[in-house]
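Please keep the sequence and the model in view while reading.

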Amino acid sequence: MTQSEVVIRVEGLGKKFRIPHQKRNSVFESIANALQVFEAERFSYEEFWALEDVTFSVGEGESLGVIGSNGSGKSTLLKVLAGIIRPTTGSVEVKGKSAPILGLGVGFHPDLTAKDNIRMYGSIMGLGREEVRSKVQPILEFAGLEKFGDAKLRNLSSGMQLRLAFAVAVETRPDLFFIDEALAVGDLDFQAKCIDKFREFREEGRTLVLVTQSMDQVKTFCDQAIHLAHGKVMKAGSPEAVINDYLSGRNN
Amino acid sequence: MLRGYSRYGDLVRMLVVKEFKVRYRNSALGFLWSLLNPLAMMVILTIFYTFVFYSSSIANYPVFVLPALLAWRFFAIGTSSSLDAIAGNSALVTKVYFPRILLVLSGSLANALGSTLEFVALLPLMVVLGLRLTAFSALLPIILVLEFILIFGLSLLLSSVSVFYRDFNQIWEIFLQAGFFLSPIFYSQDLIPSGLLTVYSINPVERIVVATRQVLYYGGPPTGLDFAAIALSAVVFLGLGLLAFRHFDGRFGDLV
């Protein structure tokens, strides 16, 4: 660990979800359910801990790689860091402006044009009107979508949407990036562009949390890594050690 | 709860514009279409009143009914569209964080803007049809602001509830249908027996419709009681709405 200021501090984090045995989210079903007093079919759910007692910290300018198999809690962790869902137990502290790229999008509206979405996202990130306006063109250029500025988002391919999401998140200059397996959808040229950007972030001292299935990316970009399995931290430390732990666990 | 959100001013403006663009399908024609509904209702109700009820005790019925219809639409469209403010914006709720109350606020503001435009667009027509503007007509904006606060408060409640119960819109539709008949929109509240009037006017929209008609159709001042009741219900629902929204806010990300 370096001596830099801690910008992400996660202590004893737990996140519990309720998984209903039957999906029930209507008034009609609730009433129907309440009437079946003596039947075994009454609404019940299982509690599921997506994250359990997760503790780590990330210093300013550091990059953290998060690896683990599907369903191990990686995306849940990023959502908690981004403030989108709240922890059930423990505490999470994130200092600075963060930009999450979760899955395909960053909070776009399918019925608005690419340009309008850029403007809206810019204002979500707290940019002023003029600042947003001046960035629309550079963002479209970085995404390689100059010709599609006035197209509705729903008419763009998933790769194009990802490129736009990445470009807009980059251009709003956040202090922290949370990226969730997003790069896999982009084509090779765009992946190369993103990798250049990651280098730039690191040089500029921005903090990166990268959820990925690519061990190469973890080795190349991350100062430290954690391996999650069933919501628990199996191993934390240097990327090599954590990757070895993850791979050896899979081979057993 | 709204303090410290000043940096989100641009976002609210963007969201209102977004709401508007989506609602009116990006065209000025879309707004003209939205005027068609109250106008058609005015014509239908006037025909009904004149030829089915065969009545003429209300002078200039079109001008009697249109302001009430517009005040009702403000309430009905505002509250029913709020049901989707959180549940229908999953991309904005699950992909990025900002205070979610802004989604409800911007929806209510967009609706208020739409309703204001309806009043502005149709007021000349009312004048042509015989409405006389008086000094009391200037009270209309105050009534509409209070109605906006009531709608916003209710919207906070409704948008929270519909995250948990996705079919709540069906139930709210029934409420609105009842409300349309239980408010003196196409009839005068003089028809209500005086013994029932107290119960009848618990409905805050009833007071709003009466006050709107009073300042526009009758050109007189609304009663102090109407004003006080409207203001009180607006404040009460705003308080309840803020409390409920704050309580449920933490679970929206899990459920949407």
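Strand β5 of chain A, residues 98-102, is mostly covered, with five of its five residues buried. A residue is called buried if 20 or more other C-beta atoms lie within 10 Å of its own, exposed if 12 or fewer do, and partly exposed in between, the C-beta atoms being placed from the backbone. Strands (E, at least two residues) and helices (H or I, at least four) are DSSP runs, numbered from the N terminus. This is a predicted model, in which local features need pLDDT of at least 70 and side-chain atom pairs count only at pLDDT 80 or more, while totals for chains, interfaces and linings use all residues. Residues are numbered from 1 along each chain as its sequence is written, and chains are lettered from A and ligands numbered from 1 in the order in which they are written.

In a regular strand the side chains alternate between the two faces of the sheet. In β5(A) both faces are covered: S98(A), P100(A) and L102(A) are buried on one side, and A99(A) and I101(A) on the other.

Strands are taken to pair if DSSP finds at least two bridges between them. β5(A) pairs in the parallel sense with β6(A), residues 176-180, over five bridges, and I101(A) stands opposite I179(A) of β6(A). β6(A) is in turn joined by five bridges to β7(A), residues 207-211, and these strands also run parallel; here L176(A) lies opposite T207(A).

These strands belong to an open sheet of six strands in chain A, with the order β5-β6-β7-β3-β8-β9 and mixed pairing. Its edge strands are β5(A) and β9(A), residues 232-237, each of which pairs on one side only. From one strand to the next, the twist averages 15°. Helix α2(A), residues 74-81, packs on the sheet and touches β3(A), β5(A), β6(A), β7(A) and β8(A); its direction makes about 150° with that of β7(A). Such angles run from 0 to 180 degrees between N-to-C directions, with axes fitted to C-alpha atoms, for helices over the stretch in contact.

Chain A as a whole has eight helices and nine strands. Of its 252 residues, 42% count as buried.

The contact between the chains takes 28 residues from chain A and 23 residues from chain B, two residues being in contact if their C-beta atoms, placed from the backbone, lie within 7 Å. On the side of chain A that touches chain B, the elements giving two or more residues are α1(A), β5(A) and α3(A). The largest share, five residues, comes from α3(A).
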